[in-house]
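Have the 3D view open as you read.

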Amino acid sequence: MYSHGSESLIKQAREIQESELQKFHSRLVKLLQGKDLGHEAVDSLQRLHLILSATKYTRTLPPELQKRLQSLLSSPAEQFQVLSSAVLRETLPLSGQEANYNQENFTQLNSHAAALLLSQAGSRADVSSLCAHLLRSLDSRQSEGPANSLTHSLPILNSVLTHSPECLTADHVTLLSKKLVDWLRYASITQGGGAPSGGFFTGPRSRQPVPIAELDGTVSGDFFTVLCVGQSFTEDQWMNVYSFSMLRHWLLTYHSVSNGNNTADTDDRSEVDGSVVSMLSATSSSSRLLPPKERLREKAFQYCQRLIEQSDRKAHKRTDTDLQKACLVEAVCILDCVCGEDASLVFRTFPCIKALFGRLSSDLSFARVLLPIAQFYLNHGEMAAVDCESVWTLVFRRFPAELFNDSFLAHEFLRFLRLNLESLQLRVPQYSHSFPNLLKFLAWDSPAVVDDFVDLLPSLVTAGTAVELLHTLLDLPCLSATLVLQVRSTCLPISEPGGRGLLSLDAFRNQSFRGLFLFLLRGEAGSGDTIDRLSTLHELLAETADWQRVVQCAQTAPMLLHIFFDTVIEVADEKLLAHLVQAMLERSSLLLNIPKYNKEIHRVFSCHLLRMCKLHPSLVVDQSHELLEFAGATAKVYSKEEVYTHVVWVLGEYLSASCDSRCSVRLITSCFETLEAVLFEITSSAAPPGADCPVPRVVTSLMSALAKLASRSHDLIPRVSLFLSKLRTVTRGGPVAWCSDEEDLVAIVTRGEELWSLLKAPGVAQSVLTPPPPVTTPQWHRDSNVAMPLRLRALTNLTHSQ
């Protein structure tokens, strides 16, 4: 947490005495009365802030000190603005000043003063009053207000719009919409100040206005935008920039304002009172006859169209190229907003968006711009009846395949998917089949995007993709290693003289193994469930098992598999579930050799195998051949005890005529003989070299399964009883080779004696080991046709005191 020195300072600040604090306040007041404030004033303000923030109690400062700190909010030095605002936010306003704590307290409003005003607003009415005050300052002429008040007003209003949009009234919306129209469309088209014409008599009167230029250096022939350049900007040009920066937020949020008398909607004033440009435009533009909101949409449309045109110009500077891309993103998003509000603009906008997509689609450096274009096609493509195939091919094929290692794009791309899940599932058939590509973002940087895939994965699970998606999730560590090899193969030389190369990298470049890696890197589903030579692939990637990306991916996969199985149970029929059971049994032996990963996957398989068999007991009969083949392999007792134990349990639990009428005596006998052979083998010899003794749970599960099967076919009871009696006799002779722990051996023998005692009475054994559903899920206390509820009430009355 804190260093020893920091903890000492905080402790001193908390334990300061009131008398010492008052003296400190007096010294600080005298210090702040000086004209030149230096390092001592900064240190004192920092100490005061520490004292105030170190305690949970809000304190009140002396009135004189409070006023001095308020005056510092208008200091030309931003350091004092920050410190005074931070200190005042830790205090209570002076008594009687709560209602008057607004812009009039300060000679100049700035962002730090605004933060203080908003933090200490006592109610919604106070915030609304502040908004009205700011809007009055916006509506006044430039010469009537403080020099820099306009440039700070819009950011403050934007903060209010973010946190408390209900504090704005309909009249506020109308007024601000009109001002935004004016700043966006009618800003000056000449540079601020002026350029000297040269000569001896150069002076203010001889300077001529210089027009604003485009990014390619040509003179601008249209209205000012954020992509215009010059030596200096006028205030209305800065307001143009601020207006564009908050325009999308305004268009998305101004519907949330409180309802009021919209008196300004019918006001037919020009956009800028007293502005020559406004008076000229008001007589020539028919858009001024529209209501303010519709007029703002129209001007926003024109502004964005001009930005798109400007973005086609060749910028001289690299930073200007980045600015063009950022402005394109914002422009397309704003066009999406205005088309969502006014459907008639869709048909005017689509030709421009389509041309922009055609110009940028071949250059993936514009991927951030192409995502908003895809959003526009998704929202409005159906209305405009345009072909979106090329858009989705780019988004779902090229983006993940070529830009999987772009972390910023990954965030934007996955956010686009999460926000549009329903629309993508309904309108984009490529979406659900693109999971091999989408999972590349997860395989490359699991910790950063795992939350996104927790939300996305259920939408990718369908009856047609479930089996292939299961294999793909299990191969995520392999995909992670392959992506790393793909990146390294383009960076590292083919041969490094004198250096030790990576065997996996050599295999990646080897044409004979190329098909294995290309399958992992496939772009969409449908080319096969899994790889035939999967064990070969795991051998080639063995050295990648401890790579950081591979390990992180292996830690993520089990959680996603839980989500996968939770979803697939809801959409799959019994035929698909049978296929999944078969896949789980097969893949339990075919995993990249990461010990913790293998154990976690086995645990996931075991959990969901039980769930599926409990929901559909007939799966055990359908897959009896595969289950018995798995259970009959003695080696799996030592290497896959988790899965093996649960396979044995479902065989003993659900291989019954009561669960499926197809379950015959012959099938029960076959299962019994298979499990009996395994149990006899593991209890008659020591474990194979290099393997541990079988887990006691495996032995007891085998004994229980044999007892359950024998209770359903009484001819088998003597065989299991003989084994159980021999087991008790063998253990009396001392330690046995197949169980090294004495307590475990006692537990196994005890379980064997219990089963042996039950099987002496076959009728009782069947009712205990395979109870009918009414016994396992009793509801006697709810059934009014039996006497149990009456007895429970009688006992309750007897035991409770009257």
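How many cavities of 30 Å³ or more does a search of the whole structure find? In this predicted model, the search turns up 6.

Take the second largest cavity, at a volume of about 70 Å³. Its lining is made up of Pro 436, His 471, Thr 472, Asp 475, Leu 476, Leu 479, Phe 519, Leu 520 and Arg 522. Helices H21 (466-474), H22 (476-491) and H24 (514-520) each put in at least two of the lining residues. Sorted by class, that lining has 5 nonpolar, 2 polar and 2 charged residues.

Now for the open spaces. The largest pocket comes to about 580 Å³, and 17 residues line it. Nearest its centre you'll find Arg 248, Cys 333, Pro 372, Glu 412 and Arg 415. At least two lining residues come from each of H10 (235-253), H13 (318-341), H15 and H17 (407-419), with H13 giving the largest share, 6 residues. The class count for this pocket is 9 nonpolar, 2 polar and 6 charged.

On to the aromatics: the whole structure holds 20 aromatic pairs. Here are two of them.

| Pair | Centre to centre | Angle between planes | Type |
|---|---|---|---|
| Trp 238 and Tyr 242 | 6.4 Å | 35° | tilted |
| Phe 565 and Phe 605 | 6.5 Å | 85° | edge-to-face |

Trp 238 and Tyr 242 are both in helix H10, 4 residues apart, or about one turn of the helix. Trp 238 is partly exposed at 37% relative accessible area, and Tyr 242 is also partly exposed, at 27%. Phe 565 and Phe 605 are both buried. Because Phe 565 belongs to helix H26 (residues 548-571) and Phe 605 to helix H28 (residues 595-615), their pair ties together parts 40 residues apart in sequence.

Ring pairs also join Trp 392, Phe 396, Phe 399, Phe 413, Tyr 431 and Phe 441 into a cluster. Rings meet charges too: the charged end of Arg 306 sits over the ring of Phe 223, 5.5 Å from its centre, and that of Arg 514 sits over the ring of Phe 508, 4.7 Å from its centre.

Is helix H9 largely enclosed or open? Of its 16 residues, 14 are buried, so the rest of the structure largely encloses H9.

Last stop, the backbone. Ala 385 has a phi near 55°, a positive value in a residue other than glycine. This alanine lies in the loop between helix H15 (367-384) and helix H16 (389-403). With 69% relative accessibility, Ala 385 counts as exposed.

Technical notes
Residues numbered from 1 in each chain as written. Predicted model: local features only at pLDDT ≥ 70, side-chain atom pairs only at ≥ 80, totals over all residues. Heavy atoms only, no water. Buried < 20%, exposed > 50% of the residue type's maximum accessible area, 1.4 Å probe, protein only. 1 Å grid on protein atoms, 1.4 Å probe; cavity = no way out; pocket = protein on both sides within 12 Å on 5 of 7 lines; lining within 4 Å. Points joined across faces, edges and corners; volume = space filled by probe spheres on them. Nonpolar A, V, L, I, M, F, W, Y, C, P; charged D, E, K, R; others polar. Phe/Tyr/Trp six-rings, centres within 6.5 Å; stacked < 30°, edge-to-face > 60°. Lys NZ or Arg CZ within 6 Å of the ring centre and 35° of its normal.
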